[in-house]
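Reader: I would like to learn how to read a structure like this one. Could you take me through some features, one at a time?

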Amino acid sequence: MSSSRLKKQLLWPLLATALFALLLYLLVPAFAPHALSVEQLRALPELQQAQHARDAAVYFWVNTLTKIALLLSLMFVAVRLLGAFFFDLIFPIRKGREAPSLIRDLFSIVAYILIIAFILKHYFALSLGALLSGSALLGVILGLALQDTLGNLFSGISLHADKPFEVGDFITIGRHAGVVESVTWRAAKIRTLNNHVVLVSNSQIAKESIEVAPRDNANARLVFFNALYSHSPTKVIQVVRDAIRETENVRRAPAPVIRIRNLGDFAVDYEIKYWAEDYVLQNDTDALLRQRIWYAFKRAGLSFAYPTQTLYIERPTPVASLAADEETLTGRLSATGLFAPLNADELSQLACASRSHTYAPGETIIRAGDKGDSMFVVHHGHVAVQITDNGQPRTVATLGEGDFFGEMALFTGEPRSAHVVAAEETEVLEIGHEAMKHIFDTNPHLAESLGETIASRRAGLAASAETGDKKEVSAGLISSIKRFFGLD
Ligand code: CMP
């Protein structure tokens, strides 16, 4: 409990204490009847004797009740101070965590019962135990009235002893699911995925079965999708595995599992089992995975199945495609600086040989260290070239429409030098080794401009590394490009 909360909690009991103390010393004496000796009292007429007895009784009750009120407010202050001392100071030091609210509540309840017992005994000579055991009727009334309350209290105590879940865990109970925010002597407070607060009483928790996803646990989720029977499961699984590899909030280890769940009526049903970094973000993560699958399917020419069991006759209709036609592809390639020297025929051959792919924002197009035998031209969108710096991705360049990448590995045979990630939905044209070799055979001078580009990109990659004389590096590259493609 913070000190400002403690101050707030103490404010009213302290004010009440001051008020009752004032009443006791200023107001209550005004009720005191004149002190009379027994002889004086007997000498009074009967009417005045009765009046005096009434005044004495009023004074007695005003005095006693004010004292009880003062005592109660003082005890309030004492219980709150003691609670703060034990549960905000001692408990966190000894246990290293916050004190559970149930223990605080129990402490207060026991303390108040003791105070009431003390007041009954001291002022009215009544024993609480004897009162409860002696009066069967009172016991029945109290038992009935407190049935639910006591049920919750005892369920709360057993919850604390069992500890099936803790604050911060994600639990599902009945139709409610959310993160546990607190467990009091009455109920558990759950914050749902819609940011609503649900209070589930302890006795209900004790009755129902609870599913717990502990805070520090690797909690798994299932996401379902389907594919046509005509697609090979090996291909589908491979495509989906690659597509979801670097999805946010999906743990790298254990790696997601993709498997066939069912051979359905009209489709092969698959499931992805993934382990979430933060289980509360499950809906966003499931949605992102489905999005990644859609794009990966599209790139790989895979299709989801239509839900039908009867004969499905479809007249083929031209499907709007993201891929551009040959003319626009040729236009895109001629606007790429590298291919500017090519003639119309060569450009159109290159356009025919290229394949168009669409990537979702954040998807990796090239992974550093992979083998590469093709290069890419950005047709629509943007990509970020990234290297790993102290374990964190760092962008060294952003390439837009008409820029090319992936040429380093293609022309030198070395592994990919950087990650290339789609910065938005991006369409790229992939040109393979064979097509480029063909172009080099007829345009050997392209090797020079490529050598220069690669040399300056390498310099950009090695921020502080000695890259040597750029001209020398570029000359070395040009001859290795020529060697790689078998040119003289
Ligand atoms: P490659 O090594 O095949 O794969 C990663 C690609 O990122 C690389 O080819 C280049 O095309 C590109 N790349 C690397 N460094 C830079 C840079 N400094 N500027 C622009 N592009 C780069």
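Reader: Thanks! Which backbone oxygen does the side chain of T412 reach?

Author: First, a word on what you are looking at: this is a predicted model, in which local features need pLDDT of at least 70, side-chain atom pairs count only at pLDDT 80 or more, and totals for chains, interfaces and linings use all residues. Residues are numbered from 1 along each chain as its sequence is written, and side-chain values use heavy atoms, with hydrogens and water left out. Now to your question: the side chain of T412 reaches the backbone oxygen of M408, at 2.5 Å. A polar contact is a pair of N or O atoms within 3.5 Å; within protein, one must be able to donate a hydrogen and the other to accept it, and residues adjacent in sequence count only if both atoms are side-chain atoms.

Reader: Where is T412 placed, and is T412 buried or exposed?

Author: T412 belongs to helix α13, residues 407-412. Helices (H or I, at least four residues) and strands (E, at least two) are DSSP runs, numbered from the N terminus. With a relative accessible area of 17%, T412 is buried. The cut-offs are these: buried is under 20% relative accessible area, exposed is over 50%, and partly exposed is in between, using a 1.4 Å probe and protein chains only.

Reader: What does the side chain of R191 make a polar contact with?

Author: Its partner is the side chain of N195, at 3.0 Å. R191 sits in strand β3, residues 187-192, and counts as partly exposed because its relative accessible area is 27%. N195 lies in the loop between β3 and β4 (197-201). N195 is exposed, at 52% relative accessibility, and has a positive phi of about 65° although it is not a glycine.

Reader: Which residues is R191 in contact with, leaving aside its neighbours within four places in sequence?

Author: Contact means heavy atoms within 4.5 Å. Leaving those neighbours aside, R191 is in contact with A177, G178, V179, E181, H196 and V197.

Reader: And which residues does V212 touch, not counting those up to four places away in sequence?

Author: On that count, V212 touches P164, F165, D169, F170 and I171. V212 is part of strand β5, residues 210-213, and is partly exposed, at 27% relative accessibility.

Reader: How are two packed helices described?

Author: By the angle between their axes and the distance between the axes. Axes are lines fitted to C-alpha atoms, for helices over the stretch in contact, and angles run from 0 to 180 degrees between N-to-C directions. Take helix α3 (residues 46-95) and helix α4 (residues 101-124): they pack at about 155°, with axes 10 Å apart. That makes α3 roughly antiparallel to α4. Angles under 35 degrees count as roughly parallel, over 145 as roughly antiparallel, 65 to 115 as roughly perpendicular and the rest as oblique.

Reader: What kinds of residues make the contact of α3 with α4?

Author: That contact has 19 nonpolar, 3 polar and 4 charged residues. Here Ala, Val, Leu, Ile, Met, Phe, Trp, Tyr, Cys and Pro count as nonpolar, Asp, Glu, Lys and Arg as charged, and the others, Gly among them, as polar.

Reader: At what angle do α9 and α10 pack?

Author: Helix α9 (residues 233-244) and helix α10 (residues 282-300) pack at about 125°, with their axes 9 Å apart, so α9 and α10 are oblique to each other. Residues of α9 in the contact include V236 and V239, and those of α10 include L289 and F297. By class, the contact of α9 with α10 has 10 nonpolar, no polar and 2 charged residues.

Reader: How do α12 and α14 cross?

Author: Helix α12 (residues 344-353) and helix α14 (residues 433-442) cross at roughly 165°, and their axes come within 10 Å. The two are therefore roughly antiparallel to each other.

Reader: Which peptide bond is cis?

Author: Look at the bond from A253 to P254: it is cis, with omega near -5°. P254 is in the loop between α9 and β7 (257-263).
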